[in-house]
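The following paragraphs lead the reader through selected features of the structure shown below.

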Amino acid sequence: GFYRVVGPDLLKIGPYQGGHGCLVIPFSRGVCGACARTGQVQNVPDVEAFADHIACSSTTRSELVLPIRNGAGRLLGVLDIDSDTPAAFTKADEDWLVPLLAEVFRSAE
């Protein structure tokens, strides 16, 4: 799902598909917060090994979170993709998702 920047250092869920997710995440917490805070893709092969992972679902084993920026470089939010399989995401996943998100959100406010 997507988490939108809704305030200083704060993400809020939506739009979202899947099981329940966390409704609000501060930039200081979890994998989504780390992505928003650093602006870097977070590819976590084992969420149990991520020190500040927020367990929104007990079945999640790996996570890929990508920053979403508009054409001016402003952070709009993050795309959070979870898997019940450990190490489900590869560098190849990042390599096609990053430019796709850049193209889709290039003209967003």
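Contact here means heavy atoms within 4.5 Å. The model is a predicted one, in which local features need pLDDT of at least 70 and side-chain atom pairs count only at pLDDT 80 or more, while totals for chains, interfaces and linings use all residues. Residues are numbered from 1 along each chain as its sequence is written, and side-chain values use heavy atoms, with hydrogens and water left out.

Thr60 is placed in the loop between S4 and S5; strands are DSSP runs of E with at least two residues, helices are runs of H or I with at least four, and both are numbered from the N terminus. Because its relative accessibility is 5%, Thr60 counts as buried (buried is under 20% relative accessible area, exposed over 50%, partly exposed in between, with a 1.4 Å probe and protein chains only). Apart from neighbours within four places in sequence, Thr60 contacts Val47, Asp82, Ser83 and Asp84.

Helix H2 has 15 residues and spans 21 Å from its first C-alpha to its last, close to the 21 Å expected at 1.5 Å a residue (the expected span is 1.5 Å times one less than the number of residues). Which residues of H2 are buried? They are Asp93, Glu94, Leu97 and Leu101. These residues lie on the same side of H2 because they cover an arc of only 90° around the axis, taken from the directions from the helix axis to the C-beta atoms. Strands S4 (42-44), S5 (62-69) and S6 (75-83) are among what covers them. The face of H2 turned away from the buried side carries the exposed residues Lys91 and Ala92.

Leu100 also lies in H2 (residues 91-105), and counts as partly exposed because its relative accessibility is 41%.
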